[in-house]
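Welcome, and thanks for taking a look at this one. Please open the model in your viewer and keep it beside the notes below.

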Amino acid sequence: MIIVRNAEVVIPGEGPSASRKADIIIDGDKIVSVGEPAPAGIDFEREIDASGMLAIPGLINGHFHSSANLLKGTVANMPLELFMLYEVPPLMEGRNSTRSAYVRTMLGAAEMLKQGVTAVHDDAFYVPTPTGDEINAVMEAYRDSGMRATVSIDHPNVVEYAKYPYLEDILPPELRHAMDKAPLMSEAELLAIYGWFLKTWHRAEGGRLRVAMSCSAPQRVTVNYLQALSELSRQHNIPHNIHLLETRQQRVFGIEKLGKSLIEYVRDVGVLDRRTLAIHAIWIDDRDVEFLAESGCTVAHNPVCNLKIGSGIMPFRKLRNAGVPIALGTDEAIADDGINFWTVLKVAGLIHNVTDPEYRQWPREDEILEAATMGGARGMVQEGEIGVLAAGAQADLVLLDKKTLALTPLNNIKRQLVYCESGSSVRTVMVAGKVVVENGRLLSIDEKALKAEAQELAAEAARYHEASSVGADRLEPYYRDMYLRSLRRDVGFSRWA
Ligand SMILES: [Zn+2]
């Protein structure tokens, strides 16, 4: 057993200023008690003195794509549809090495753990197709890092031009034919990979590593595959990652191709339920908010990514008022240009203030901390198990030094965690009862060697992307045309400032 003595425990969901002095007792991977006096006669194998420290539940990055971890700063700010054209060009050949998948995943884990992010919901994608070796490399990195991870396979199975409105008509025939010839995995092949993935990795490492489902987005997959993933999510009681109405163009897609919003569509085909992680949910109307609330799903809010690619602003207060749980995510390193979870807290706490002059509707710091912990747990279908410091929960916790510049003078703990902290006060990080960061240094990862290898691999990745952007440049005028054409379609409301 381990005891953390004299910590000031911060309780995310209990109003603006809840904190209390307490000892935390840990047995194996679980918290035994918070605040109860230590029973006499226990010989603790380790005592951690947390005097002068805040203790918070490990933060949870509620939406992430580790696949882009080596691509920070590689794509300029532009709308999602054009951005993805450069990130994952539809006509690209070749693949990155398995080693690169391991190193990139480890790099992200290192950056998150040092900030006190103990769990990640990783919607990993694989270019051009997922393979057992590359998936193993990702999971082995999370295993070795000590981080908690729930990982899905984000892989579309419809031809590129079918994912967008207007594109099929706009593309010249030779480009359309080239897209028709690009390799597509069948539903059976993808479900076989998921079957293997579940058997091999779900609940590995004492439950620290888990598998989730992902359709990527409903307009990117066949309805049969979408429903099969939802069924697996129900059978295993695991999350189903669905990007929903991230952009205005996706709103137009629903109007033009389905005659309804994509949220109504997923509801009508029976895949919107309490295990759904509805990612982004920006271009939603009041009916969509009702559908989301009725389903019991969680929404993943990624405000920094939404700014980078100009997607718009998610209606935070409408969702909260409807009772929809909200998680916070960095989304990917290429669409945030970093993996800085504390920045996400700050931006989430600020961006909504310019959407409503009624200041009583603005997000409060306790709501943001709740989203960064309990909301993320809810999205991973692990509520009560993680994201809280309570008896019976997993021992995922973070100790922050109260004497850093960010927290001095300490006037309001929760407000300063959201608006002042950058991760610089994080001293000790524990995941499943194991200390993985001590005095701000990673214990589970050789950071210096990792960074050196990542830098080498970045050069390889850069060459690969340089070659693939030739294809993207060829397609860009047509994607721009599609983007501009969708802007002329009235959608009845706006989520842009
Ligand atoms: Zn995403």
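Here is a short tour, grouped by topic.

Please keep in mind that this is a predicted model. The largest nonpolar core has 134 residues, and a search of the whole structure turns up 35 salt bridges.

- His-63 belongs to strand β6 (residues 59-64) and His-243 to strand β11 (residues 240-244), so the two together tie parts that are 180 residues apart in sequence.
- His-63 has 0% relative accessibility and counts as buried.
- His-243 also counts as buried, at 4% relative accessibility.

**Nonpolar cores**

- Among the 134 residues of the largest nonpolar core, Tyr-142 and Leu-292 touch the most other members.
- The biggest contribution to this core comes from helix α2 (residues 98-115), which gives nine residues.
- Another core, of 21 residues, lies apart from it and includes Ile-2, Val-4, Ala-7 and Val-34.
- Once neighbours within four places in sequence are set aside, the contacts of Tyr-142 include Phe-64, Thr-105, Ala-109, Met-147 and Arg-208.

**Helix α1 and its cover**

- Helix α1 spans residues 80-87, and seven of its eight residues are buried.
- Those buried residues are Leu-80, Glu-81, Leu-82, Phe-83, Leu-85, Tyr-86 and Glu-87.
- Their cover includes three other helices: α8 (248-258), α11 (303-308) and α16 (447-487).

- Leu-484, Leu-487 and Trp-496 make a nonpolar surface patch of about 230 Å².
- Leu-487 is part of helix α16.
- With a relative accessible area of 32%, Leu-487 is partly exposed.

**Salt bridges**

- Side chains of opposite charge can pair when their charged atoms come close.
- Asp-396 pairs with Arg-148 in a salt bridge whose closest N and O atoms are 2.6 Å apart.
- Asp-396 sits in the loop between α14 (365-379) and β15 (397-401), and Arg-148 in strand β8 (residues 148-153), so this pair ties together parts that are 248 residues apart in sequence.
- Both partners, Asp-396 and Arg-148, are buried.
- Arg-287 and Glu-264 form another salt bridge, with 2.8 Å between the closest N and O atoms.
- That bridge links helix α10 (residues 286-295), which holds Arg-287, to helix α9 (residues 262-268), which holds Glu-264, and the two residues are 23 residues apart.
- Arg-287 is partly exposed at a relative accessible area of 43%, whereas Glu-264 is buried at 17%.
- For the salt bridge between Glu-383 and Arg-378, the closest N and O atoms are 3.6 Å apart.
- Glu-383 counts as partly exposed at 44% relative accessibility, whereas Arg-378 counts as buried at 12%.
- A network of salt bridges links Arg-317, Arg-320, Arg-364, Asp-366, Glu-367 and Glu-370.

**Two loop residues to look up**

- Lys-403 is found in the loop between β15 and α15 (413-419).
- A relative accessible area of 63% makes Lys-403 exposed.
- Apart from neighbours within four places in sequence, Lys-403 is in contact with Gly-52 and Thr-408.
- Between the C-alpha atoms of Lys-403 and Leu-71 there are 35 Å, and the two residues are 332 residues apart along the chain.
- Asn-157 is found in the loop between β8 and α4 (167-170).
- Asn-157 counts as buried, at 7% relative accessibility.
- Not counting residues up to four places away in sequence, Asn-157 touches Leu-184, Met-185, Glu-187, Leu-190, Arg-220, Val-221, Thr-222 and Tyr-225.
- Asn-157 and Ser-216 are 59 residues apart in sequence, with 9.8 Å from C-alpha to C-alpha.

Methods. Residues numbered from 1 in each chain as written. Predicted model: local features only at pLDDT ≥ 70, side-chain atom pairs only at ≥ 80, totals over all residues. Heavy atoms only, no water. Buried < 20%, exposed > 50% of the residue type's maximum accessible area, 1.4 Å probe, protein only. Helix = DSSP H or I, 4+ residues; strand = E, 2+ residues; numbered from the N terminus. Contact = heavy atoms within 4.5 Å. Core = buried A, V, L, I, M, F, W, Y, C linked by side-chain atoms within 4.5 Å. Patch = residues over 30% accessible without salt bridge, like charges linked within 9 Å, V, L, I, M, F, W, Y side chains within 5 Å. Areas by Shrake-Rupley, 256 points an atom, 1.4 Å probe, with all protein chains shown as cover. Salt bridge = Lys/Arg side-chain N within 4 Å of Asp/Glu carboxyl O.
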